[in-house]
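This report sets out selected features of the structure shown below.

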Amino acid sequence: MIAAVATLGGVAFILALGLGLASRIFAVEQDPKVSAIISLLPGANCGGCGYAGCAGFAQALVAGQAAPLECKASSDAAIQEISKILGIVYVPKEKMIAKLFCQGRNDKAKVKYLYQGIRDCRAAVLLGGGAKACAYGCLGFGSCVKACPFGAISMGPEGLPKINENACTGCGACIRACPKGVIQLIPARQMWYIPCNSRQRGKAVRQVCDVGCLACGLCVKSCPEQAITLDDNRALIDPQRCTGCGICVERCPQKIIQSPGEMKEVAAVSKG
Amino acid sequence: MSIKLKTFLGGIHPPDQKQLSASHRIEDAPLPKRVYLPLTQHIGAPAIARVKVGQKVLKGEKIADSEALICAPIHASISGTVVDIKNHPHPSGSEVPTIIIESDGRDLWFQEPHNGQDPLELGPEEIRGMIREAGIVGLGGAAFPTHVKLSPPEGKPIDAIILNGAECEPYLTADYRLMVEKAKEIVQGLRILLHVLGVERGYIGIEANKPEAISAMSKAASSFPQIEVVSLKVRYPQGAEKQLIKTILNREVPPPPALPLDVGVVVQNVGTAYAIYEAVSLRKPLIERIVTVSGRGIKEPKNLRLRLGTLFAEAIGYCGGFQGKVEKILMGGPMMGLAQYTTRVPVIKGTSGILVLTKEECPQAAEASHCINCGLCVRACPMRLVPSLIGTFCEKGLLEEAEAYHVLDCIECGSCVYVCPAKRHLVHLMKYGKSAILAKKRKQPKA
């Protein structure tokens, strides 16, 4: 009994000595700034900055190769702290959030064919761009849901992903995962946005979707601030110019222009 | 008495179903009223329209081309007026820019085909130019521009040409009928190919379930000692390029980016050889092709000579239309063909068949379950990959692992899916993995 305790204790002591020595001899010098910054970064390793995780980004920051604002996921306070550590002037950033530029729910958008393959947008898109009749619409298999490192996206019951604005940090991971490019970033303060990604117009849109932008241009004409432009048949609102007067919302014949936070209310209006 | 036929490792043996259309002679389809000619009918850069809406064109007139290296021109397949150039459904599933020509009913040639100079007296460069100008691409289905395939880079000597007459896809009989009816012309096409590349040995590989084609081709080739007709064991995918080379010459093409020409071989489909004969000997551009219209959902299965740009709906109409409960419409064979969601897609250069399958002919789409590690797919894979494992890697997004297990070698033949008892979507997973890996590579060019 004593012999066993002594043997094991002895072995443990010798190994501990070895480990202790190794940690002294082979210690890697790390800039204390790097570890301080790592503790301030979100730690989601979303890759939105283009570096290998938050640690890689922190090293790039200290080396002066990156700017704190390149981290899209950090809060303002964290960016401010990091700027302080790096000794650079903090300029507040515009908070961006991801929005789905498609309203083509299962009951609103037509499909070309019955899809029986893998339940992933990036696989579905290989078959002629996916089953949705609209070539620009959301395929609804939730590749963005899987990609979101912050759990901000969930799959709605009607075949479209729902983005929780409060949890969204604007990191852009969903945008990179989406093969249709139907998710885009807009400033969180933007009052209205036009949730349709179609580059087609009028009849062609109507044939495939009940809630598509027809590119009729009424919003463009009605906007007193000239904040709306038609780009390749997509109506885009310039957040710098938009005052949120809401005239376009009234004029839109499809009644699809909506406020980023008010999906449900506007959807109800379009029914009535 | 048993003759040991040449074959390869792996593969499967699906019921060939060729009896539906095998005995029907090639028929000329009636002149279509309108043709829809997509600007992408080949691998490579899309052609650019050279005509305007309202312009009158004649049959065989070049209407689209491009300066790009890998591209093939497109010719009007009927005479008439260009009525529109717009996006139209394409057999690939998406919409692509398409030139639409309305027939004037006269079917006049831009330049009547005629017997020119003996092709074997022309220089190789001249013949390559003629093949390019005729718009010829691989007619087996892949549609790779033929003139590019016939221009091997310096330092890669070619010593053998194989004509692919395997036609291993079930149902399809277009190549078979062509071999039976146009054997001499195909052999002439092969002689032109041998001449272009300065090669001494030509092979014609035909699966043993086509004895008539083997005897017709052997007879046509009998006076040319440099050409050998090889009878192959019936096994899918015998007609895949790499499997054909392995079977006939026992040479193995290394993994991509290596090509058959790295082992000194060029493979061409028999239909391509026939088109080359027409282009070089008769100066006729590629404006039509043989298409098998078959399946139990078709009233009278046939082998039709169809003008390019004819809509599937019209081709099906020429064969008596639908019958029974139609479940699926495919372009190409049931193993590798593309499912269609509309019959308003046109016949393109790579359309070897139009299949209309009934419910009984289609495997019931079962929910895919987990891999049970039975290993049937490993035995079936003609590329000797491990589809079960690679499929799981692709499913989980482990692209580096999938690449390490050579997912890029997959030829998407579908043998693994055919045998899988768990009904896993293995080919779809591989296609997804391949496209994701290639997209990543395009994004990060080598530093």
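Leaving aside its neighbours within four places in sequence, which residues is Glu278(B) in contact with?

## Glu278(B) and its surroundings

The model is a predicted one. Apart from neighbours within four places in sequence, Glu278(B) is in contact with Arg283(B) and Lys284(B). Glu278(B) belongs to helix H7 of chain B, which covers residues 270-281. Its relative accessibility is 12%, under the 20% limit, and therefore Glu278(B) counts as buried.

Glu278(B) also takes part in a network of salt bridges, in which it is linked with Lys59(B), Asp107(B), Lys284(B), Glu288(B) and Arg307(B).

## Domains of chain B

Chain B is divided into three parts: domain 1 (30-112 + 285-358), domain 2 (114-282) and domain 3 (376-442). Between the C-alpha centres of domain 1 of chain B and domain 3 of chain B there is a separation of 31 Å.

## Helix H10 of chain B

Helix H10 of chain B spans residues 387-395, and its buried residues are Pro387(B), Ser388(B), Ile390(B), Gly391(B), Phe393(B) and Cys394(B). The cover over these residues includes four helices of chain B: H9 (376-380), H11 (399-404), H12 (415-419) and H13 (426-443). After H10(B) comes Gly397(B), with a positive phi near 75°.

An α-helix has 3.6 residues a turn, so residues three or four places apart point the same way.

## Interface between chain A and chain B

Twelve residues of chain A touch eleven residues of chain B. Together the two chains bury about 1,100 Å², of which 66% is on carbon and sulfur atoms. On the chain A side, Lys112(A), Ile118(A) and Leu126(A) supply 45% of the area buried against chain B, more than any other three residues.

Zero salt bridges are counted between chain A and chain B. Three residue pairs are in polar contact across the two chains, with both residues at pLDDT 80 or more. The side of chain A that touches chain B is made up of seven nonpolar, three polar and two charged residues.

## Salt bridges

Over all chains the count comes to 37 salt bridges. One of chain A joins the side chains of Arg105(A) and Asp107(A), at 2.9 Å from N to O. Arg105(A) counts as buried because its relative accessibility is 15%.

In chain B, the side chains of Glu67(B) and Arg50(B) form a salt bridge with an N to O distance of 4.0 Å. This pair links distant parts of the chain, 17 residues apart: Glu67(B) is in the loop between strand S5 (62-65) and strand S6 (74-75) of chain B, and Arg50(B) is in the loop between strand S3 (48-49) and strand S4 (56-57) of chain B. Glu67(B) is exposed at 73% relative accessibility, whereas Arg50(B) is partly exposed at 46%. A further salt bridge, 2.8 Å from N to O, connects the side chains of Lys62(B) and Asp65(B). Lys62(B) is partly exposed, with a relative accessible area of 28%, while Asp65(B) is buried at 4% relative accessibility.

## Backbone geometry

Most residues other than glycine have a negative phi, and most peptide bonds are trans. Which peptide bond has an omega near -5°? The bond from Tyr236(B) to Pro237(B) has this value and is cis; Pro237(B) is placed in the loop between strand S11 (227-232) and helix H6 (241-249) of chain B. A cis peptide bond also joins Pro256(B) and Pro257(B), with omega about 10°. Pro257(B) is in the loop between H6 and strand S12 (265-269) of chain B.

Lys255(A) is not a glycine, yet its phi is positive, near 50°. This residue sits in the loop between helix H10 (247-251) and helix H11 (263-271) of chain A and is partly exposed, with a relative accessible area of 32%. Gln17(B), also not a glycine, has a positive phi of about 55°. Gln17(B) is in the segment before strand S1 (26-28) of chain B, and its relative accessible area of 17% means that Gln17(B) is buried.

Technical notes:
Residues are numbered from 1 along each chain as its sequence is written. Chains are lettered from A and ligands numbered from 1 in the order in which they are written. This is a predicted model: local features need pLDDT of at least 70, side-chain atom pairs count only at pLDDT 80 or more; totals for chains, interfaces and linings use all residues. Side-chain values use heavy atoms; hydrogens and water are left out. Domain bounds come from an automatic or database domain assignment. Helices (H or I, at least four residues) and strands (E, at least two) are DSSP runs, numbered from the N terminus. Buried means under 20% relative accessible area, exposed over 50%, partly exposed in between (1.4 Å probe, protein chains only). Contact means heavy atoms within 4.5 Å. Buried area is the accessible area (1.4 Å probe) that two parts lose on being put together, summed over both. A polar contact is a pair of N or O atoms within 3.5 Å; within protein, one must be able to donate a hydrogen and the other to accept it, and residues adjacent in sequence count only if both atoms are side-chain atoms. Ala, Val, Leu, Ile, Met, Phe, Trp, Tyr, Cys and Pro count as nonpolar, Asp, Glu, Lys and Arg as charged, and the others, Gly among them, as polar.
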